[in-house]
Amino acid sequence: MINEISNKRNTSIDFIKGIAIFSVVLAHCWLLDREVFHFIYSFHMPLFFCISGYLFSTKKRYKNFLVGKIKNLLIPYVLFFFFSFIVSITILQREITILNGIKYLILGGKNCARVCNWALWYLQLFFIASNIFYFIAKIKYSFVRFFIIIMLFIVSLPIQQYCNQTFENEYVPFAFNALCPALFFMLVAFEFRRIKENIVPKLNNKLIRGIIPVVSFGLFAIGILLAAGNSDEIIRLKSYTFLIYSLFILQFIVLICQNCHNKYIVYMGKNSLMILGLHRPLLVLCSNILPVKEVFDYFHITNFAGAVLVSSLCVFAICFVNYLVESLSKKIKEKSN
C-alpha cells in the first residue's frame, strides 16, 4: 500500500499499519457503539495516509512509479471490487446489472458501498493522491512544500463541502472530496520525516528528549478533547478542527508504537491490503447470514466486546487464508527449483 524507503522492512511501521487496519475493520463492524466508531474515524484513515507520506520516495522514475502503483493499487482495487460484486449479486442477491457494476467500479468512492465494499474508496483515491504527491515531493524548496501544506489545509473544507453538496448523498466520483485532506496528511508526515532525520539526531540533551513524550501526550489529550462529540471523518469534513485533532492523536499513536514488534500485529500490517479489500464483504455476510447479535445477547456480551471479537475473527480468517496461499506458493517455487 505504500512505498518503502529502503529494501529493509521496518517492522515498527508494519506494527502501526496492523493497528491501523484493525481499527478500520473494527470501525466497520455493525456492532460497534457510535462513540467508539466516531473516535476511530478520527484517525484510522489519516493514519494510513500519514504512513504513506512518511515512507514516500521519489527515487524511481515516474514511469516506473506509475507502473508500480497500477500493480499495487489499481489491479487489487479491480479484483476486490469484482469479488464484492459477485458476493453482492449471488449470496446477498442484490439486483445490480453488469453495466451498473462497471459504472460503480469506475466512479469508485461511496459507489463501492453498492457492492458492500465501501472501504475500496481508499485504494482508488490513494492511487490518484500518490501520483499527485510524487510531483509535490519532487519540489526542492521546503518553504514551497510548507506553503502547499497551508493551502491544502485551507481548501480542504470548502472543496469537500462543494463536492458533498453537488453530488447526491456524497456519492462523489473517485472520493475526490477527500483528496485535499489526504494530500495534507501525506505532506505533513513527509515533512515530519525530514525534520526528524535532520534535527532529532542532534538532540543529545536528555531533558529535551524527556520532554518530547510529555508534549506528545499533552497534544494527544487536547486531540481527544477536540474530537469528543465530533462525527467528522476524512471523507465528511464539517470543520477544520478534524485536521488538527487527527494530527494530535496520530503523533501519539506513532510515538508509543515506534518500537513495538508484536509478530501477529506486524503480520496484520504486512497484509493490510488484503484485509482492507476483503473485510467488508465478510462483515456484511456475517451480519446478514449468521445470528451473531442474537448469540451475543444470549451470553450478555457487550457491543464493544462483540465488535472486537467479530473483527478479530474476520482479520484472522483473512490472514490465515493468505498464510496458506503464501505457504503453498513457496512450496511450489521450491519444487520448481
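**A salt bridge, a helix pair and a loop residue**

Visitor: Which residue forms a salt bridge with Arg145?
Guide: A salt bridge puts a side-chain nitrogen of Lys or Arg within 4 Å of a carboxyl oxygen of Asp or Glu. In this predicted model, the closest N and O atoms of the pair are 2.3 Å apart, and the partner of Arg145 is Glu191.

Visitor: How many residues apart in sequence are the parts this pair ties together?
Guide: Helices are DSSP runs (H or I, at least four residues), numbered from the N terminus. Arg145 sits in helix H7 (residues 142-166) and Glu191 in helix H8 (residues 179-199), so the parts joined are apart in sequence by 46 residues.

Visitor: What pLDDT do local features need?
Guide: Residues are numbered from 1 along each chain as its sequence is written, and side-chain values use heavy atoms, without hydrogens and water. Totals for chains, interfaces and linings use all residues, side-chain atom pairs count only at pLDDT 80 or more, and local features need at least 70.

Visitor: Is H1 roughly parallel or antiparallel to H3?
Guide: Axes are lines fitted to C-alpha atoms over the stretch in contact (heavy atoms within 4.5 Å), with angles from 0 to 180 degrees between N-to-C directions. Those of H1 (residues 11-28) and H3 (residues 44-54) come within 9 Å and cross at roughly 155 degrees. Angles under 35 degrees count as roughly parallel, over 145 as roughly antiparallel, 65 to 115 as roughly perpendicular and the rest as oblique. That makes H1 to H3 roughly antiparallel.

Visitor: What separates the C-alpha atoms of Ile91 and Ile289?
Guide: Ile91 lies in the loop between helices H4 (62-89) and H5 (98-107). Ile91 touches Ile289, as well as Ile86 and Leu285. Ile91 and Ile289 are 198 residues apart along the chain, and their C-alpha separation is 9.3 Å.

How values were computed
Helix = DSSP H or I, 4+ residues; strand = E, 2+ residues; numbered from the N terminus. Lists of a residue's contacts leave out its neighbours within four places in sequence.
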